[in-house]
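User: Could you walk me through this model and show me how to read a few of its features?

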Amino acid sequence: MTDLIKPIFSVDDLKITFSTQDGDVEAVKGVNFHINPGECVGIVGESGSGKSQTFMAAMGLLADNGTATGQINFQDHNLLELSTAQLNHVRGKNMSMIFQDPLTSLTPHMTILQQMREVVKLHMQMSQKDTDAMCRQWIDRVRIAEAERRLNQYPHELSGGMRQRVMIAMSMLCDPSLLIADEPTTALDVTVQAEILDLMDELKREKGTAIALITHDMGVVARMCDRIHVMRHGQYVEEGGVEDIFYNPQHAYTKMLLDSMPRIDNPDKTSHHKLKPIDQQTSAENFLEVDDVKVHFDIKINGGLWPKTVPLKAVDGVSFKLRPGETLGIVGESGCGKSTLARAVLQLIPPTDGTVTWLGKPLNGLSRAQLKDKRKDLQIVFQDPLASLDPRMTISDSIREPLVTFASHMSRKEMQEQVLQMMDKVGLERNMINRYPHELSGGQNQRVGIARAMIMKPKLVICDEAVSALDVSVQAQIIELLMDLQEEFKLSLLFISHDLAVVREVSHRIMVLYLGRVVEMAESKDIYANPMHPYTKQLISAVPVPDPKIERARKSIKIPGELPSPMDPTAKLKFMPSKLRAGETNYIPKLIEHNPGHFVAEHDSLTDLQATG
Amino acid sequence: MLVNKKKMESMADSMSSHAPIEGRSLWQDAMGRFMHNKAALISLIVLVTMIATSFIGPYLSPWDFESIDWALLGNAAEMGAPSIENGHYFGTDDLGRDQFARVMVGTQISLMVGIVGTAVAVVVGVLYGAISGYFGGRLDNVMMRFVDILMSIPYMFILIILFVMFGRSIYLLFIGLGLFSWMDMARIVRGQTLAIKHKEYIEAAVAAGVSDFKIILKHIVPNLLGIVVVYTSLLIPGLILTESFISFLGLGIQEPLTSWGALINDGAKTIQYGTLWQLLFPLAFFVTGLFCFFFIGDGLRDAFDPKDR
């Protein structure tokens, strides 16, 4: 059947080489594939596998030091042989691309309408009036509310999800026959991701646009793609239909990718699940108590000589207790205040109000010197492994740093010995001791970050999105490492992440944050089996599952409306519009204990919420 | 023999697996890139040669820079042209002093003014900027407004007034130039510090209990070095130019010491008498020197942030 259809895009023996100071690097080593009209082909691989470069070459966007050989055929042109002028005719009109970061791919000083007009002007002969009408139509079509107003706004005034929708609308303006989506949802929250994927799927079915989807997320692939190519080190290790790949993977690498994906529907499936149950008798008293912590930032609005300041309530009254050896997962979408909360607990940002009690003594209000003593037991692991290490220090210097401050009585040799032992524990080879962070991979750097946090044997470690920037296989290793260390040192962890599937694997209890407030807190099993709050339900339903049959059968729960700005005073009542209608705009939903240990914030019922939209 | 071979093998084995691999720091990477930049490398070689010559040169010349060749006095235009025979390789100046020796001394003085002035600027500017940027808030405001005030003072007038009041001396020149050249550096460093201080590794250091002062010295300043080095290589020629301008006005260096600017000034005065060598030799050194500095600066900039190319 597929032999009869002529593919619109085909790649023959494509090789891409980058010349660098240390010699030539072959990023793509001879790949072949094709895309048929109206088909969605997924290119899956981890970072550095060369998956994006293939399409960068097709769009003529290779970096200056890169050369491509072979053939890329699109509508009877070999794209590699076209001049820039000829290529300009093809790209944008017949073939368009959406990128990972929707903010950087829109020009900041032009309104949405101006940018869309530009695309139309380049590729189509149309009057200004028709152009504007078409732009408006597309903006409606990608389901952006208040199209008229949005068109005259600048990119920074839109949320991330809206920007990505604008990008999709722009790339669809000229009815391209091929849409290349390079990690289109990686930078977005799960609920927004679900909406964007639905939108792309709809366009594919309505317009017959072929989609090339480049991603690292097997869940996204399971939802969207008809065929899959698994890429590693510049080569395809496996290719086939979506069901073949998921239910009958042949190559070890594909199996490993599928295995290491944390699954929200069935956490026990993954092999590295080692979470130790916590002793229910352990008292939470006198360990870590966070009581009604608030962090407000003053934001200046409408400049002028005497600008008004308005508090931005990043964290607005969060309380919880943590037991020794327990892991509390904190989940929420971007901007919900989870990182700010972590920093407030560690006093890296002083809380505006409320108390943090550590081992029975309050942490806030301490002087720097007093705090320094406590810091020994309180450590943090950051999201970006490279950014959290000083680029000018060797990794052993970085790991040693806490020793130098807290154990200055030790001799240099003893410190070195400790550093080496710690490196063994986190799985770094001893001969890497003099290396610099930029010479290591992301996973290795994260191990260095963990070693630095662990070297003083702290009692509490906060992992702020510690595995979010890593590839899934590395992510699985790091999680395993964290759990091993937790067992060895009897650590308590605050595990912050936007990825609900990962949090489920590592946490005893889970707390869901929404705009700086707790909406639900319960045992990890409880919250996934029986989510009560509509926001939790929405989050859980939006996480893609790496299993095409389950994923396509699932219906994600949609609650109308964008994620509101935290500056909007009515935002905190998004899940209680009944109070808004009653005029009680200052009402604060209370946390109610439904079952023992299962707290849920007051809300209207899900059906009511969906009906009001 | 056999045993030895085995031993060697096992040693090689253990070497490869246990010996720490030497890491390549960002600094070494940058130097590697710099060495690949031909224009910058050649400039560096030329500059080093020039500096070496300025120190070795005087020993090769039979004349020193201040004694007058009485045989030529008053006849510089006719007999003072460059010649190997009488030992005046670059000819003589109007007073019959050996131009070669004077150019060598002028080179030393000019470079010294540039380097000492820059050293003051780097030390004061980096510390001032890093402290201001790191602590931020009111301290930052006060420190930066102070810089603004200093910058709005027309420093050239002040320098000239200082020279007129206290007489011409090389120390006054160092103090004067050092006093006014650190402000730009402080501003640049403060801006960079603001960017660096929100990086996660600084936060990690705070979380690890490292004191503020140590954070500035161990984490912030080393990460500023790239931009400081680049700015330094541009500041040196800037100061040399300033000094030349002051000397050209007839202020600055006290005779019989001299500098590039003073020599060019002298040469320019006598250009109508046909003694072109009095202008051309110092001018050639001056232009070549500055050219080298700018090329090196450019090479350093490319080496330290390869992304911007």
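Analyst: Happy to! Let's start with what a contact is: two residues are in contact if their C-beta atoms, placed from the backbone, lie within 7 Å. Keep in mind that this is a predicted model.

User: How do I read a pair of packed helices?

Analyst: Two packed helices are described by the angle between their axes and the distance between the axes. In chain B, take α3 (residues 38-60) and α5 (residues 99-135): their axes come within 9 Å and cross at roughly 130°. α3(B) and α5(B) are therefore oblique to each other, and α3(B) passes α5(B) in a left-handed crossing.

User: Which residues make that contact between α3(B) and α5(B)?

Analyst: From α3(B), they include B:M50, B:I51 and B:F55, and from α5(B), B:F100, B:M104 and B:L111 are among them. The residues of this contact divide into eight nonpolar, four polar and no charged.

User: And B:H36: is it buried, exposed or partly exposed?

Analyst: A residue is buried with 20 or more other C-beta atoms within 10 Å of its own, and exposed with 12 or fewer. B:H36, in helix α2 (residues 26-36) of chain B, has 13 C-beta neighbours inside 10 Å, so B:H36 counts as partly exposed.

Key. Residues are numbered from 1 along each chain as its sequence is written. Chains are lettered from A and ligands numbered from 1 in the order in which they are written. This is a predicted model: local features need pLDDT of at least 70, side-chain atom pairs count only at pLDDT 80 or more; totals for chains, interfaces and linings use all residues. Axes are lines fitted to C-alpha atoms, for helices over the stretch in contact, and angles run from 0 to 180 degrees between N-to-C directions. Helices (H or I, at least four residues) and strands (E, at least two) are DSSP runs, numbered from the N terminus. Angles under 35 degrees count as roughly parallel, over 145 as roughly antiparallel, 65 to 115 as roughly perpendicular and the rest as oblique. A crossing is left-handed if the near helix is turned anticlockwise from the far one by less than a right angle, and right-handed if clockwise. Ala, Val, Leu, Ile, Met, Phe, Trp, Tyr, Cys and Pro count as nonpolar, Asp, Glu, Lys and Arg as charged, and the others, Gly among them, as polar.
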